[in-house]
Amino acid sequence: MEIQKQSKQQQEFALASMTELASSSSSSSSSFCSDSQSVPVTARFSADNGDVELRFNRESESADSISVDVKTARLFKLGALQSVCITKASGADTGKEKFSTGVTVQFRNEEESRAFHCAFEQWKKEVTVQGTLLTDGAVTACKSKFDDKIEPSSAKMYFHYYGQLLHQQNMLQDYVRTGTYYAAVIENRADFFGRVVVDVGAGSGILSFFAAQAGAKHVYAVEASEMAEYARKLIAGNPSLGEKITVIKGKVEDVELPEKADILISEPMGTLLVNERMLESYVIARDRFLVPNGKMFPTVGRIHMAPFSDEYLFVEIANKALFWQQQGYYGVDLTPLHASAFGGYFSQPVVDAFDPRLLVAPAISHVLDFTEIKEEDLYEIDIPLKFIASVGTRVHGLACWFDVLFNGSTVQRWLTTAPGAPTTHWYQLRCVLSQPLYVVAGQEITGQLRMVAHNAQSYTVYLTLSAKMWGPGAEQGGILQTSSCKLDLKEPYYRMSQPQTYAMAQDQQPHQPIHAQDIHIQADDLKEPELIQPPPQNLDAQVQ
């Protein structure tokens, strides 16, 4: 960024070009350009007796300058390299009425654009950066809220991933996801017709098209990845709808919009609802752009949880570490690393679609109301757990899934990822304990699920499950057994795409079909298998 030497009371930026917009008293506009043959175009902030002025001019040509009162001005981002500054210019000297004035500014690169916007906001705050008065008049580099909390390498990978059409195709071909969004929008035309809509993290722009089909007045599709360019191509190819859609490339934490939104639409859900931390951006967009009492699609999210028993899965994970039990691997004893490898495999959440009959207790849920929740509330999520076992078995961990509500004025529609429901690209998630718990029917299972956000756009998950004493005198008893695990939600084990068919022993009776939300499993107690052994053939033996 080229910035000339600053005095304590001014700051100067070099621009590519700028154009004065026509006002109500003039039908013409003037344009300044900076090139190798001309005097540079500059924008200079200066302060005098508490008044902050922004002056656009060619160096040493004050006659061509345009002055803006920063106190009453507003700066809007039109694109990655273009912004517009609008203010009220007083005509007191001529006795005329005040007129609206505007200046379109073209920057040379995104870094200079971002720095200028940061400087503008800081000068509006009386040259204060993060509450500290600058002693030398220089405005430091301004990082967005997103950049402050997310590791640069993670952000780079994230936006690269979602900038590729093959990954957008994967989401678009999730017909449960896409079809539910379409139905939620079209069935609630009354919420969209004639309204201003902001599509947060627009991707290919598919949700923007849905909003336009529902009669939206205008849709601002905000997308930070290179997918924004593909969205523009898609809009150009669908002119009847595209004329209502404006793609704005940038993060919702950084961009400026020319007007407030009546409704926000977004697909901010990740694995376990919160992975990728886009829910925080959704909430930030609400606070920045949404009018009071505006609508949000989706409106509410719920995380559902239930303990499960899956001997096959447990043995599969445990067997992965068998490699490290070799004592003569090309003459090297690998066993010193077995315990670490064993723990490592159990630190991966399992993402797959499982049979709901594996659940051993009715599910509980934790609600996130997107219309009210604060961004900071998503930094750490604590969920107390309490279940009553429906069957005697070994509990191998906690199964989780989520759903979201589109609370429309006409129709309320849910998008669910529950086991037993049509499979989505989110599947379900299971946290597997390395030390299972033994329970009998009617026994209480308690614990805690704690999720702590980290700067790789995900969460560290801490799970504790305990089985309380059961039977006569249990009210005086304490915890009988407990098991804990720590998992990284960013590093899951993607196991399979469809529920596994579980073979039954000859003397085992099949489970009766049940509903995922009304769990009542009828099964005999399971005998404890030896670790690293295949599932036992006799599943009718009682727990000893």
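User: Where does leucine 273 lie?
Analyst: Leucine 273 lies in the loop between strand E15 (261-266) and helix H10 (278-289). Helices (H or I, at least four residues) and strands (E, at least two) are DSSP runs, numbered from the N terminus. This is a predicted model, where local features need pLDDT of at least 70, side-chain atom pairs count only at pLDDT 80 or more, and totals for chains, interfaces and linings use all residues. Residues are numbered from 1 along each chain as its sequence is written, and side-chain values use heavy atoms, with hydrogens and water left out.

User: Is leucine 273 buried or exposed?
Analyst: Leucine 273 is buried, at 0% relative accessible area. Buried means under 20%, exposed over 50%, and partly exposed in between, with a 1.4 Å probe and protein chains only.

User: And what is its phi?
Analyst: The phi of leucine 273 is near 75 degrees, which is positive in a residue other than glycine.

User: What about asparagine 293: where is it, and is it buried or exposed?
Analyst: Asparagine 293 sits in strand E16. Asparagine 293 is exposed, with a relative accessible area of 81%. Its phi is also positive, near 65 degrees.

User: Which residues does the cis peptide bond join?
Analyst: The cis bond joins phenylalanine 297 and proline 298, with omega about 5 degrees. Proline 298 is in the loop between strand E16 (290-297) and strand E17 (300-308).

User: Switching to helices. How do H5 and H7 cross?
Analyst: The axes of H5 (residues 175-186) and H7 (residues 206-213) come within 9 Å and cross at roughly 25 degrees. Axes are lines fitted to C-alpha atoms, for helices over the stretch in contact, and angles run from 0 to 180 degrees between N-to-C directions. That crossing makes H5 roughly parallel to H7, a label for angles under 35 degrees.

User: Which residues meet there?
Analyst: From H5, Thr178, Tyr181, Tyr182, Val185 and Ile186 meet Leu207, Phe210, Ala211 and Gln213 of H7. Contact means heavy atoms within 4.5 Å.

User: And the sheet, what is the strand order?
Analyst: The order is E14-E13-E12-E15-E16, an open sheet of five strands with parallel pairing. Two strands pair if DSSP finds at least two bridges between them. Strand E14 (245-249) and E16 are the edges, each pairing on one side only.

User: How many bridges join E13 to E14?
Analyst: Five bridges join strand E13 (residues 218-223) to E14. Alanine 221 has valine 247 in E14 as its bridge partner.

User: Which strands does H8 touch?
Analyst: Helix H8 (residues 227-236) packs on the sheet and touches E13 and E14. The direction of H8 makes about 165 degrees with that of E14.

Definitions and conventions
Parallel < 35°, antiparallel > 145°, perpendicular 65-115°, else oblique.
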